[in-house]
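Biologist: I am new to this structure and would like to learn how to read it with some care. Could you take me through its features one at a time, beginning with the idea behind each?

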Amino acid sequence: MSQTKTIDLFFGPQHPGITGNFSVRVTVDGDTVVKAQVIPGFLHRGFEKLMEMRHWIQGPALICRICVPDPDHSETGYATAVERLAGIEVPERGRYIRSLMLEMSRLSAYLFYFGGYAGSIGLYTVGQWGVGDRDYILDLFEELTGARVYHIFNFPGGPRWDTPPGFEDKVDKLMDFLEKRLKEFDKLYFNNRVFIKRARGTAPMTKAYAQKMEVTGPNARATGWAIDVRKDDPYAAYPDLDFDIITQKEGDNYARVIQRRMEFEQSIDLIRQITRKLRKMPRGNVRVTPNPLHWKIPPGEAYGAVESSKGELGYYVVSDGGIGPYRMQARGPSISHGVQVYEEMVVGQRVADVAALMFSLDVCPPDIDR
Amino acid sequence: MSITDIVAIIGMAVFVPLLGLLFMGIARKITARIQNRIGPPFYQQYIDVMKLFSKRSNISHSWVFDIGPIFAVVGMLTTMLFIPMGGFQLLSFDGDLIVIMYLMVISGLGIALGAGASGNPNSGIGVMRALVLMMSYELPFVLILLSVMLYYNTTSLAEIVSKQADMAWAVLALPLSAIVADICLQGQFGEKPFDQPIAPAEVATGPMVEYGGKYLGMLMLWHAIAIIVEGSLFVNLFLGGGIVFDPSTYVGMALNFLVWIGLVFLMFFIALLINAVMPRYRIDQAFAFYWKWPTILAIIALIYVMVVSSW
């Protein structure tokens, strides 16, 4: 047998086929990947240590930076953990506003995701459309919170303030628009034969493998494993909302993309349920936060998790009764998807699917490095 | 060769790249509109090429690397000489269609040589893909050329054009061949779903990854000429070369030339629209695609022509 010659390809950090500040070194034999090594760490900012030096109330301003496309879930995860620790009950309207923000954030993250995967296989139109439509969601965020990307809005105790008058109608109008757009996305993208041909059967993941590797979120549901933090460990207004866990069977690239597409529709439905409820509720009472200057959390520890657009995003908070967290640990979904799972699953794929697999797993590099 | 011929050749060698760049600029604008963007102005490509050619630093890897883009541009320009352009025919002889087939491959090989010499694995994979892609679409395309040659009983492109002016356009006479040729044209243009050689997310723009500055400017010119040459080849084969008015008068000549530009742009426009709404195939899928339906249809078209022309 002659010795086969392999070459090393560097995907990133300066490469169009990478999800951000991240790098993968793949060893390629012909057109097939035989070995892959992910190189994270370009974006390490030491969030967990930084949190120990800050007050409880300063947390949300920092940790929303952990995942750029989906910052609200970080804020809410931290807020949920602190609330559990302190025994704070958020008023009903506050919980609903929180859920509204989370679902809107999910929509905007999925629009990014659609464009990301489509861009990795060359369908740039979806990316441009997605980012354009996402801007309408950001407009609403700006109206509600004053900020477009990092909202710093979901504090422990509830959202900072109530919705502005007429906000629910604007949200409903946007949902109608997004529903219409989704039909166009279907025509262009999800029913595109080339997309289906490339994505079907590429990098399938079994349910057993997903359970072994702690895969969560849409990636796990795409394998047929019905887990969802919104159902399993309810937070915000999710216990009151009516929805089912959507699953796919195959667990390949196609199933992962379609899973998100289905959840996009579900999110629109959830947001409509929330706005319907918000209209009926008395306005004003959204938050219970003690005076921030005397803000003390009793000693103890608590874990608060949310179902982010990428998977389970949890915060483990330890308090010693001081003015800030004694220790904070973040459990991000991407460290499993982007490092362990990706490194194993990319072996045996074609070079053309190295980027596609990474985008289909929805890896968020800042969440890996933290 | 008279002095007018030399002036015409130089004039065409200047005009065709400029026209190609204009097409590329309009293409960016159209794609932008499809994607809900405003897009750059249509003359953006001229600015880009001028900027690239005014860059001072050039990183060279070897003399093969230097010569690759020149090779490509010269190869394409040479191909251009043999292609009738709206009534302007610079060089012509019996059998030039076969020469054109070879010359078009040569310019691709220039890029392959240069990019291969850069030593970047992304370039290497890109070149490999480009050669596989070329091999994929050449098979049905050669079969189509055979059918057209058989139908008009000549191997001269100029004669095919003039015979279409007398009879009907080949797109009406041989619709099946025209459809297959248009599918092959998508691959020749390198538009999606057949842009595997330069796929940014996969091989980081492939052959062009190590080229910058003046080299990249050369490659842009090469691409601009290639659009015109490949589109023009299709127009000559199937759309009568754009000859609709009487070419004996100056007004007729000028109008024919404009019609030719319009038809070449039409072919490019069709490719562009497909490009905007299609992802790319994997290279093995592209290969399987071309050697399946287009090849079968091309064989059917060839048999049809054989039956028709034997009557």
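Modeller: We can begin with the salt bridge, which is a side-chain nitrogen of Lys or Arg within 4 Å of a carboxyl oxygen of Asp or Glu. Here the side chains of A:R98 and A:E83 meet in a salt bridge, at 2.8 Å from N to O. This is a predicted model, in which local features need pLDDT of at least 70 and side-chain atom pairs count only at pLDDT 80 or more, while totals for chains, interfaces and linings use all residues. Residues are numbered from 1 along each chain as its sequence is written, chains are lettered from A and ligands numbered from 1 in the order in which they are written, and side-chain values use heavy atoms, with hydrogens and water left out.

Biologist: Which helices hold A:R98 and A:E83?

Modeller: Helices (H or I, at least four residues) and strands (E, at least two) are DSSP runs, numbered from the N terminus. A:R98 is in helix 4 of chain A and A:E83 in helix 3 (residues 71-86) of chain A, 15 residues apart, and the pair links distant parts of the chain. Another such link is the salt bridge between the side chains of A:R93 and A:E168, at 3.4 Å from N to O, where A:R93 lies in helix 4 and A:E168 in helix 6 of chain A, 75 residues apart.

Biologist: Are A:R98 and A:E83 buried or exposed?

Modeller: Buried means under 20% relative accessible area, exposed over 50%, and partly exposed in between (1.4 Å probe, protein chains only). Both A:R98 and A:E83 are buried, and A:R93 and A:E168 are buried as well.

Biologist: How many salt bridges are there over all chains?

Modeller: By this rule the count comes to 39 salt bridges over all chains. A network of salt bridges links A:E103, A:R106, A:R221, A:D228, A:R230, A:E263 and A:E307.

Biologist: What do the side chains of A:T76 and A:N154 form?

Modeller: They form a polar contact of 3.1 Å. A polar contact is a pair of N or O atoms within 3.5 Å; within protein, one must be able to donate a hydrogen and the other to accept it, and residues adjacent in sequence count only if both atoms are side-chain atoms. A:T76 belongs to helix 3 of chain A and counts as buried because its relative accessibility is 0%. If neighbours within four places in sequence are left aside, A:T76 is in contact (heavy atoms within 4.5 Å) with A:R98, A:L102, A:N154 and A:V306.

Biologist: Where is A:T275 placed?

Modeller: A:T275 is in helix 11 (residues 253-280) of chain A, and with a relative accessible area of 1% A:T275 is buried. The side chain of A:T275 makes a polar contact of 2.9 Å with the side chain of A:D172. Beyond its neighbours within four places in sequence, A:T275 is in contact with residues including A:L100 and A:E168.

Biologist: How is a pair of aromatic rings described?

Modeller: A pair of aromatic rings is described by the distance of the centres and the angle of the planes. Rings of Phe, Tyr and Trp (its six-membered ring) pair if their centres lie within 6.5 Å; planes under 30 degrees apart count as stacked, over 60 as edge-to-face and the rest as tilted. Over all chains the count comes to 33 aromatic pairs. A:F114 and A:F264 form a tilted pair, 5.7 Å centre to centre with 50 degrees between the planes. This pair links distant parts of the chain, with A:F114 in helix 4 and A:F264 in helix 11 of chain A, 150 residues apart, and both A:F114 and A:F264 are buried. One aromatic cluster includes A:F114, A:F264, A:Y189 and A:W129 among its members.

Biologist: How many residues of chain A are in contact with chain B?

Modeller: In chain A, 30 residues are in contact with 24 residues of chain B. The buried area, which is the accessible area (1.4 Å probe) that two parts lose on being put together, summed over both, is about 2400 Å² between chain A and chain B, and carbon and sulfur atoms give 57% of it. Between chain A and chain B the count is 2 salt bridges, and B:R282 and A:D353 meet through their side chains in a salt bridge of 3.1 Å, N to O. B:R282 also meets B:D284 in a salt bridge of 3.3 Å, N to O, between their side chains; B:R282 is buried, with a relative accessible area of 14%, whereas B:D284 is partly exposed at 28%.
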